[in-house]
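I am opening a notebook on this structure and writing down what I look up, topic by topic. The sequence and the structure come just below.

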Amino acid sequence: MNTEKKNLLYSKLILFFSTISLILGFFLNEDSSGSGGFIEDFKYTWGYIEAIKYKFFVLGTQWTVHTPLHYILISKINIFITSEYYLRFFYCLISLLIPLLFYNCLSIKFPSLNRSTKLVLSSIIIILPAFRSSAIWLNAHNTALIFFLLFLRFFLIWEKNQSNTINKNIIYQTIFLALAVYTRQYYALIYLFLMYIFFKNLKLSEFIKISLFISLMTIPGFIHIYLDPRILSGTFDTNFSNVILVNSSIISFYLLPMYLIMLVFNSKSLQIKNILKKKFTILGSLILLIICSFFFDYNYTNGGGFFIKLSYLIFKNEYLFFISSFVGFILLFELIKFNRENLILILILIFGFSAYIIYQKYYEPMFLLLLFLVLKNNYISNFLDYFKNIIFLFLYYLLYFFSAFLNNLFKITKYIN
């Protein structure tokens with residue numbers, strides 16, 4: 001058996017066992033991401049699903065602060081699948097559309113990419129704690145991701161066959177992004193990036209037309225906001241030092257393993273060591289870290305991401321967390337320097353979650369989808385050239401899953417002081 005066939009066999013086994021682990025997680029009532037948060041959310045919002053089952057529209061004021069599309073769709077399915085248990089299992093299976101759609105998007109973005117690489121990358125989605133907990137506990141997170149990936153699919157098709165006039169791919173991507181917004185409102189931030197891309201690539205008359213079309217799609221949203229202003233409420237934090245440091249630390253969790261894998265296994269061909277020679281990037285990151293650290297005042301017991309928990313768990317201080325933020329600055333600056341369009345998305349990702357409670361699940365797997373499919377950089381294409389890179393990345397996230405699972409089982413981080 002040649003290497004390519006072996007890799008394909010390994011990738012199929014990885015996908016198979018990842019899928020089986022999700023099904024097993026369902027039967028075990030797994031909540032590896034939320035330490036009970038996803039379970040509580042399911043119990044709390046079930047009343048909304050029942051309330052809207054036989055009605056066209058019911059405000060979700062007493063049950064949720066999220067936009068209602070997920071609950072409307074689930075309530076209609078609940079008419080036919082009346083059991084909570086079987087409805088959850090059905091949703092768990094439906095959530096497998098997410099790795100399938102990611103595979104399809106990878107095929108569009110990288111048409112020459114081999115199947116084994118795409119299969120393992122898609123399997124990573126299945127072992128991410130936020131994806132799993134959402135799939136198992138009927139959470140709106142995954143419904144929004146399905147719509148978001150459908151948006152990305154048509155965005156990638158349009159980007160590959162770009163036209164300066166409105167076509168069906170532009171219409172489809174705006175509709176599916178709207179559906180994502182009506183499922184989870186923070187996806188509205190992506191419209192800022194999309195409008196910039198439209199303005200840059202479409203004729204002015206076409207840009208005005210698509211702007212009017214998008215404006216029409218916002219009307220139900222503004223009506224909903226008028227009737228239920230709570231969906232605009234949140235945990236906004238004016239301490240942007242907290243926001244910058246925490247979000248950069250969380251993003252570094254997803255970027256760092258890829259750079260380390262390239263540094264160890266293919267540094268010569270990728271010249272990854274050049275990052276460490278860029279003095280202005282390192283100096284700028286250090287200055288930003290020092291300034292933000294003076295004003296940093298985040299309650300680490302409320303989210304904050306993997307590195308802040310690990311920092312307090314092992315060292316009883318914030319030093320490891322600050323290092324992760326510093327690394328995040330360097331890697332994000334590299335993405336911005338490679339292509340200025342990345343700046344818009346990165347600013348959206350950093351400041352879009354300006355809250356005094358920031359959870360890693362907000363980025364999971366949204367950041368990975370944007371990293372592989374939208375953000376422009378040469379590191380991704382280089383990283384994908386080596387199948388062993390993908391295997392090591394899968395092992396990294398597998399270790400992450402086990403740590404999250406054990407943390408949920410033994411409540412390790414709950415007792416950090």
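What is the mean pLDDT of the protein chain? I first noted that this is a predicted model, in which local features need pLDDT of at least 70, side-chain atom pairs count only at pLDDT 80 or more, and totals for chains, interfaces and linings use all residues. Residues are numbered from 1 along each chain as its sequence is written, and side-chain values use heavy atoms, with hydrogens and water left out.

**Entry on confidence**

I looked up pLDDT, the predictor's confidence in each residue, from 0 to 100, and found a mean of 91 for the protein chain, with 95% of its residues at 70 or more. Confidence is lowest in helix α13 (residues 267-270), at a mean of 54, and highest in helix α5 (residues 97-109), at 98. For the element names I use DSSP runs numbered from the N terminus, where a helix is H or I over at least four residues and a strand is E over at least two.

**Entry on the backbone**

The peptide bond from Glu-364 to Pro-365 is cis, with omega near 0 degrees, and I placed Pro-365 in the loop between α17 (341-351) and α18 (366-373).

Which phi value does Leu-138 have? I read it as near 55 degrees, a positive value in a residue other than glycine, and I found Leu-138 in the loop between α7 (129-136) and α8 (140-160). For accessibility I take buried as under 20% relative accessible area, exposed as over 50% and partly exposed as in between, with a 1.4 Å probe and protein chains only. Leu-138 counts as buried because its relative accessibility is 4%.

Lys-411 also has a phi near 55 degrees, again positive in a residue other than glycine, and its place is in the segment after α20 (387-410). Lys-411 is partly exposed, at 27% relative accessibility.

**Entry on salt bridges**

Side chains of opposite charge can pair when their charged atoms come close. I count a salt bridge when a side-chain nitrogen of Lys or Arg is within 4 Å of a carboxyl oxygen of Asp or Glu, and the structure holds six of these.

Is Glu-30 buried or exposed? I noted that Glu-30 is buried, at 4% relative accessibility, and that Arg-132 is buried as well, with a relative accessible area of 1%.

Lys-209 and Glu-206 meet in a salt bridge of 3.2 Å, N to O. Why are they separated by about one helical turn? I wrote down that they are three residues apart in helix α11 (residues 204-227), which means a separation of about one helical turn. Lys-209 is partly exposed at 48% relative accessibility, whereas Glu-206 is buried at 10%.

The side chains of Lys-376 and Glu-341 meet at 3.3 Å, N to O. Here too the pair links distant parts of the chain, since Lys-376 sits in the loop between α18 and α19 (378-383) and Glu-341 in helix α17, 35 residues apart. Lys-376 is partly exposed, with a relative accessible area of 25%, while Glu-341 is buried, with 9%. Salt bridges that share partners join Glu-159, Lys-200, Glu-341 and Lys-376 into one network.

**Entry on aromatic rings**

For rings of Phe, Tyr and Trp (its six-membered ring), I count a pair if the centres lie within 6.5 Å, calling planes under 30 degrees apart stacked, over 60 edge-to-face and the rest tilted. The count comes to 47 aromatic pairs. One of them is the tilted pair of Phe-154 and Tyr-172, at 4.9 Å centre to centre and 55 degrees between the planes. It links distant parts of the chain, from Phe-154 in helix α8 to Tyr-172 in helix α9 (residues 168-181), 18 residues apart. Phe-154 is buried, with a relative accessible area of 13%, whereas Tyr-172 is partly exposed, at 36%.

I also noted one aromatic cluster, whose members include Phe-148, Trp-158, Tyr-187 and Tyr-363.
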